[in-house]
Amino acid sequence: GNHTQLQFILLGITDTPWAQAPLFGLFLLIYIVTLVGNIGLVVLVWVAPSLHTPMYFFLTHFSLADVCYSTVISPKMLTDLLFGNKTISWAGCVTQFHLFALFVTAECYLLAAMAYDRHMAICHPLSYVLVMSPQACWQLVAWSYLVASLSALLYTGCTFGGSFCGPRHIDHFFCDASPVLRLACSDSRGSEVAIFALATANGLGTSVLILLSYGRVLHTILGMRSAPSRARAFRTCASHLASVSVFYGSLFFMYLQPASRHGSRDKVASVFYTVVSPMLNPFIYSLRNKEVKAALGKCRRRM
């Protein structure tokens, strides 16, 4: 009952008044580009028959997850920067963190599914159509969201399961596990260990699968005789791995370190995977791709 009446105060990215207006303009622009880029990619894949392949099927779900978890974070952050009303209710804080944990965890598994898809396409092209059937693709996406949903429930329970009776100021721009647990009156060491273990299982498990898949892909590419084919495959792998490095690097910095080491740098790392990465992903994964450019050209000519 006390929890339902509780309100938190988000301290935000900065408390400097003159910096809030420029930051609002910057993050508003990034959020608009994120929405346009990711939703545009989903619509393009939907209307272009040439993009009805497993790789772009996973990309559409990846883009939708980008839109969802960016929308969970950015509008509240923009409102706080513009109006200065940084309060958030107990229910709002729980909902924000739960949805954020769900979509971020789902992205980890979708990235692993995309890496597996590239591994099958390049290393085992003869069995690719059979293994990556539409039914198999839907099953991979369904398992990604199922595991993410269960993980999000555990993350949320560990973060908000204790009692809060002290200061209400969350030193962050959204409700994240570490800054919320600092406000708990009860002993939170067990929750921190559980969150660390779960983040390790989800993060390291999917990242190892991604590295193994791309390792096999690179080994196969090096054995190709055609130089243009090698160069094209290298560019694709390099761009994908760059996006994966930014996403996982900032996540590991946030969630795979002891609670005592968390500090002001957490906000910078959080900006990368909550704001910057969703904006860059459509450009990294698709707009440098000749198939996407060809589909865009066809749509332009139809219009």
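Modeller: Helix α2 passes α3 in a left-handed crossing, meaning that the near helix is turned anticlockwise from the far one by less than a right angle (right-handed if clockwise). Helices (H or I, at least four residues) and strands (E, at least two) are DSSP runs, numbered from the N terminus. This is a predicted model, in which local features need pLDDT of at least 70 and side-chain atom pairs count only at pLDDT 80 or more, while totals for chains, interfaces and linings use all residues. Residues are numbered from 1 along each chain as its sequence is written, and side-chain values use heavy atoms, with hydrogens and water left out.

Biologist: At what angle do α2 and α3 pack?

Modeller: Helix α2 (residues 17-47) and α3 pack at about 160 degrees, and their axes are 9 Å apart. Axes are lines fitted to C-alpha atoms, for helices over the stretch in contact, and angles run from 0 to 180 degrees between N-to-C directions. The angle makes α2 roughly antiparallel to α3 (over 145 degrees; under 35 is roughly parallel, 65 to 115 roughly perpendicular and the rest oblique).

Biologist: Which classes of residue make up the contact of α2 with α3?

Modeller: That contact has 18 nonpolar, eight polar and one charged residues. Ala, Val, Leu, Ile, Met, Phe, Trp, Tyr, Cys and Pro count as nonpolar, Asp, Glu, Lys and Arg as charged, and the others, Gly among them, as polar.

Biologist: And how do α3 and α4 pack?

Modeller: Helix α3 (residues 54-83) packs with α4 at an angle of about 160 degrees, with axes 9 Å apart. Helix α3 is therefore roughly antiparallel to α4. Their contact divides into 18 nonpolar, two polar and five charged residues.

Biologist: Changing topic, how many disulfides does a search of the whole structure find?

Modeller: The search finds one, a disulfide being a pair of cysteine sulfur atoms within 2.5 Å. Cys 93 is joined to Cys 175, with an S to S distance of 2.0 Å. Cys 93 lies in helix α4 (residues 90-123) and Cys 175 in the loop between β3 (169-170) and α7 (177-181), so the pair ties together parts 82 residues apart in sequence.

Biologist: Are those two cysteines buried or exposed?

Modeller: Both Cys 93 and Cys 175 are buried (under 20% relative accessible area; exposed is over 50%, partly exposed in between, with a 1.4 Å probe and protein chains only).
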